[in-house]
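Dear colleague,

Please find below the structure that I am handing over to you. My notes on it follow directly after.

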Amino acid sequence: QVQLVESGGGLVQTGGSLKLSCAASGSIFRIYGMGWYRQAPGNERELVARITSGGITNYSDSVKGRFTISRDNAKNTVYLQMNSLKPEDTAVYYCNAGIQNSMNYRSDTYWGQGTQVTVSS
């Protein structure tokens, strides 16, 4: 079994900051790319940022320069530092990872349960 558990969401005012964390646990042999997605009410889930196992990052245009994704491979954890938050950043944020299972060495994509981020104007 592999689990992704997110934390760090909440309510913040426009211009504020939040840091999300997502820790992977369970029968993990290897973690490939990790990322953050978000879904606002009535919208499709969209990519926010991704980071490869080697640390290469990419961001959606809407968050470039404001958000920073990072990972701690020793802790199997990915982070999303969100600065200069705007009301349009309000959404449920999900983490995502490609993980090779140590039980059967099968690789699958895993999702966290989501954490709510609300930015008030």
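The mean positions of the 11 positive and 8 negative charges of the protein lie 6 Å apart; Lys and Arg count as positive and Asp and Glu as negative, with His and the chain ends not counted, and each charge is placed at NZ of Lys, CZ of Arg, CG of Asp or CD of Glu.

Please note that this is a predicted model, in which local features need pLDDT of at least 70 and side-chain atom pairs count only at pLDDT 80 or more, while totals for chains, interfaces and linings use all residues. Residues are numbered from 1 along each chain as its sequence is written, and side-chain values use heavy atoms, with hydrogens and water left out.

The protein has 11 strands and zero helices (DSSP runs, numbered from the N terminus: E of at least two residues for strands, H or I of at least four for helices). Its radius of gyration is 14 Å, close to the 14 Å that the globule rule gives for 121 residues, so the protein is as compact as a globular protein of that length (taken over C-alpha atoms; the rule is 2.2 Å times the number of residues to the power 0.38).

The structure holds one disulfide, meaning a pair of cysteine sulfur atoms within 2.5 Å. Cysteine 22 and cysteine 95 form it, with their sulfur atoms 1.9 Å apart. Cysteine 22 belongs to strand 3 (residues 18-26) and cysteine 95 to strand 9 (residues 91-101), so the pair ties together parts 73 residues apart in sequence. Both cysteine 22 and cysteine 95 are buried (under 20% relative accessible area, 1.4 Å probe, protein chains only), as are 43% of the 121 residues of the protein.

Yours sincerely

Conventions: Buried means under 20% relative accessible area, exposed over 50%, partly exposed in between (1.4 Å probe, protein chains only).
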